[in-house]
Amino acid sequence: MNTLVIAEMALDQPASASLEHLAVARSLAGEGRVIVLLLGAQIAAAESLIARGADKVIVGTPSAFDGYNSDAWTACAASVANEHAVALVLAAHTPRGADLAPRLAFRLNGACATGCVGVEQQDGALHFTRASHGGNVRETLRFKTECVVATVRAGIYDALPVDAKRQGEIVTLSPAPASRVRVIERKRESGVGVRLEDAKVIIAGGRGLNGPEGFDVLATLAETLGGVVGASRVPCDLGWCSHAMQIGLTGKTVTPELYIAVGISGASHHLAGCGNAKTMVAINTDKDAAIFRDAKFGVVGDYAKVVPALTAAIRALPTTS
Ligand SMILES: Cc1cc2nc3c(=O)[nH]c(=O)nc-3n(C[C@H](O)[C@H](O)[C@H](O)COP(=O)(O)OP(=O)(O)OC[C@H]3O[C@@H](n4cnc5c(N)ncnc54)[C@H](O)[C@@H]3O)c2cc1C
């Protein structure tokens with residue numbers, strides 16, 4: 001079975017989620033080929049994808065593919081999928097992947113499964129597992145179409161180790177297909193440091209922070225622990241923090257070693273994005289909050305008192321060298 005991975009970039013490297021999807025594609029492809037489509041990236045990034053399991057990388061350099069354009073990218077992905085007769089297309093479960101996947105599935109006369117947490121082959125058929133009913137249940141889908149386009153959440157699979165000896169083909173695409181879409185303006189989210197999806201420690205805030213200032217309190221704890229600040233949907237919707245920080249069913253999926261949920265009630269929609277954290281700690285004024293069912297450790301109390309006290313206590317710990 002030939003598979004196609006639509007890779008994304010994180011700064012000047014292929015995104016870790018795309019490397020994970022490459023590993024899934026490799027394990028499912030069997031004797032088939034794993035093709036990667038990498039648009040808006042330099043050739044050096046393509047070479048690193050060969051070392052991680054790709055047989056062929058089709059690159060559209062930034063001079064031809066400058067930023068995401070749904071129309072041009074769909075046309076390009078459809079043409080690559082048809083040319084290589086792929087049975088499976090994997091894309092990241094990001095705003096870009098979620099926009100591209102259904103368009104591409106329609107173009108290929110195939111099926112689409114978004115937000116998958118599992119893609120497996122059983123009895124010769126592909127099975128796609130994803131959250132359903134607000135994250136309360138998981139459903140497994142099987143399609144009758146010849147091609148399926150799936151977006152897969154980050155942090156579910158391990159990337160393959162680098163094999164510098166692997167050989168593969170790199171092809172450059174130029175120019176981009178003609179598009180009816182005209183991009184008028186692009187605004188880059190300012191972000192520094194580790195991405196939420198890659199963070200080992202996350203301090204996430206919810207409506208219980210009672211305002212944007214609460215995120216400054218969390219940022220101090222995050223800095224102390226070498227972590228990153230995330231959020232439930234409510235503060236993002238209220239404009240207290242960036243939408244890029246949202247964790248959950250319609251936000252990011254994270255798999256940190258430590259997840260501290262502050263003023264978050266523990267709705268299934270939120271837990272769908274952080275339920276796989278290794279250790280969860282909850283800080284909440286309500287002792288009956290659902291989050292305490294998933295948390296390994298919990299503090300019942302006002303975050304405005306608990307978080308600064310926790311930060312001070314951690315800072316007072318002797319440092320190990
Ligand atoms: C289709 C759909 C998709 C969704 N996707 C997402 C998603 O991706 N991510 C997501 O998070 N949500 C998502 N939601 C929303 C979700 O259902 C919840 O509404 C949301 O997660 C609740 O956010 P919260 O826990 O911050 O707020 P609340 O549920 O209001 O909880 C606030 C908590 O803060 C506590 N608190 C109050 N004051 C303090 C204080 N001073 N100190 C400490 N604790 C305090 C309260 O006891 C309470 O438990 C989605 C909903 C739908 C319908």
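**Grounds for the descriptions**

Modeller: Glutamate 169 is located in strand S11. Please bear in mind throughout that this is a predicted model.

Colleague: Why does glutamate 169 count as partly exposed?

Modeller: Glutamate 169 has 13 C-beta neighbours inside 10 Å. A residue is buried with 20 or more such atoms and exposed with 12 or fewer. The value of 13 falls in between, so glutamate 169 is classed as partly exposed.

Colleague: Which residues does glutamate 169 touch, not counting those up to four places away in sequence?

Modeller: Glutamate 169 touches Asp55 and Lys56. Glutamate 169 also lies 8.4 Å from isoleucine 58, C-alpha to C-alpha, although the two are 111 residues apart in sequence.

Colleague: What makes strand S11 an edge strand of its sheet?

Modeller: The open sheet has nine strands in the order S9-S8-S7-S10-S6-S1-S4-S5-S11, with mixed pairing. Strand S9 (137-141) and strand S11 (169-173) each have a single partner strand, so one side of each is left without a neighbour in the sheet. From one strand to the next, the twist averages 30°.

Colleague: How many bridges join S8 to S9?

Modeller: Five bridges join these antiparallel strands, and therefore they too count as paired. Threonine 129 stands opposite threonine 140 in S9. The hairpin of S8 and S9 has four residues between the strands, and histidine 133 takes a positive phi near 50° there.

Colleague: Why is alanine 85 called exposed?

Modeller: Alanine 85 has 12 other C-beta atoms within 10 Å. The exposed class includes the value 12 itself, and alanine 85 is therefore exposed. Its place is in the loop between helix H3 (70-83) and strand S6 (88-92). Alanine 85 also has a positive phi, of about 45°, although it is not a glycine.

Colleague: Why is cysteine 147 placed in the buried class?

Modeller: Cysteine 147 has 21 C-beta neighbours inside 10 Å, and 20 or more are required; therefore it counts as buried. Cysteine 147 is found in the loop between S9 and strand S10 (148-152). Leaving aside neighbours within four places in sequence, its contacts include Ala81, Val86 and Leu108.

Colleague: What makes the other sheet, of five strands, parallel and open?

Modeller: Its order is S13-S12-S14-S15-S16, and the pairing is parallel. At the edges, strand S13 (228-231) and strand S16 (297-300) each pair on one side only. Five bridges join strand S14 (residues 258-262) to S15, against a requirement of at least two, so these strands count as paired. Isoleucine 260 stands opposite valine 281 in S15. Helix H5 (residues 214-225) packs on this sheet, touching strand S12 (201-205), S13 and S14. H9 packs on the sheet as well, touching S14, S15 and S16.

Colleague: Which residues are closest to the ligand?

Modeller: The closest are Gly206, Gly208, Ser232, Gly248 and Ser265, among 27 residues that surround the ligand. By class, this shell has eight nonpolar, 15 polar and four charged residues. The largest share, three residues, comes from H7.

Colleague: How do you know that the two domains touch each other?

Modeller: The domain assignment gives domain 1 (3-173) and domain 2 (196-315). Residues are in contact if their C-beta atoms lie within 7 Å. Nine residues of domain 1 are in contact with ten residues of domain 2, so the domains touch. Their C-alpha centres lie 31 Å apart.

Conventions
Residues numbered from 1 in each chain as written. Predicted model: local features only at pLDDT ≥ 70, side-chain atom pairs only at ≥ 80, totals over all residues. Axes fitted to C-alpha atoms, helices over the stretch in contact; angles between N-to-C directions. Near = placed C-beta within 6 Å. Nonpolar A, V, L, I, M, F, W, Y, C, P; charged D, E, K, R; others polar. Domains from an automatic or database assignment.
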